[in-house]
Amino acid sequence: MMKNIPFAATVGLFFTALYFFVAIFAPWIAPFGVAEIVGDVWEPASATHWLGTDNIGRDLLTRMIYGGRTTIFVATMATIISFSTGAILGFLAAVLGGWADQALSRFVDLVMSIPSLILALVILSVTPVTVPVLILVMGFLDSTRVFRLARAVAVDINVMDYVEVAKLRGEGRMWLIFREILPNALSPLVAEMGLRFIFMVLFISTLSFLG
């Protein structure tokens, strides 16, 4: 079983890299323009249109390639926002402790008690549905999960001897977060970032399906 892991990981990385490559170079790979009407309505798959055409005659393969480009951009930006916000607040809660830790933790518990999809639909129903708004909403909702992980890791690191030594030296909270805790918490956070990016893609797909 262990012998199959490197091969499976290689295959997964290959298809992920291929997906990113096609999305980044979409203008040079796509056979037609993204809004160009190139055929009749709902044409079947053919040598000219590999996936057929849509309801107004646009090439579906071209639309899929450009759609992947938008999906990757939105998912990447939302992941960056969620990790920047969630990790910093999680580290800060672990370092501050006391009422600040309790307030942040209970607020996160409150947000996580509401299903993310329902909360996202409610927020998007009362705000302009634009790409920046979508990125901010997704980043905010996902930052709660990053907060839980970052806080749990930071609480364990915060009681280590080298952190106690830094406190005795009189180092400030920002030093403790960025120079003592963050470097030692990167491994679980980087692993979680990959998973969160995939969940972002799935979240976008669900929101798109629901309109």
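Predicted model: local features only at pLDDT ≥ 70, side-chain atom pairs only at ≥ 80, totals over all residues.
Residues are numbered from 1 along each chain as its sequence is written, and side-chain values use heavy atoms, with hydrogens and water left out.

Colleague: What volume does the largest pocket have?

Modeller: A pocket here is an open set of points on a 1 Å grid over the protein atoms alone, where a 1.4 Å probe fits and protein lies on both sides within 12 Å along at least five of seven lines. Grid points are joined across faces, edges and corners, and the volume is the space filled by probe spheres set on the points. For the largest pocket this comes to about 430 Å³.

Colleague: Which residues that line the largest pocket are the closest to its centre?

Modeller: Lining residues have an atom within 4 Å of a point, and 18 residues line the largest pocket. The closest to the centre are V129, L134, I204, L207 and S208.

Colleague: How many residues of that lining are nonpolar, polar and charged?

Modeller: Ala, Val, Leu, Ile, Met, Phe, Trp, Tyr, Cys and Pro count as nonpolar, Asp, Glu, Lys and Arg as charged, and the others, Gly among them, as polar. By that division the lining of the largest pocket holds ten nonpolar, eight polar and no charged residues.

Colleague: In which helices do D142 and R196 lie?

Modeller: The side chains of D142 and R196 meet in a salt bridge at 2.8 Å, N to O, the term being used for a side-chain nitrogen of Lys or Arg within 4 Å of a carboxyl oxygen of Asp or Glu. This pair links distant parts of the chain, 54 residues apart. Helices are DSSP runs (H or I, at least four residues) numbered from the N terminus, which places D142 in helix α6 and R196 in helix α8.

Colleague: Are R196 and E192 buried or exposed?

Modeller: R196 also forms a salt bridge with E192, again at 2.8 Å, N to O, and the two are separated by about one helical turn because they stand four residues apart in helix α8. Buried means under 20% relative accessible area, exposed over 50% and partly exposed in between (1.4 Å probe, protein chains only). By those limits R196 and E192 are both buried.

Colleague: Why does L136 count as exposed?

Modeller: L136 lies in helix α6. L136 counts as exposed because its relative accessibility is 52%.
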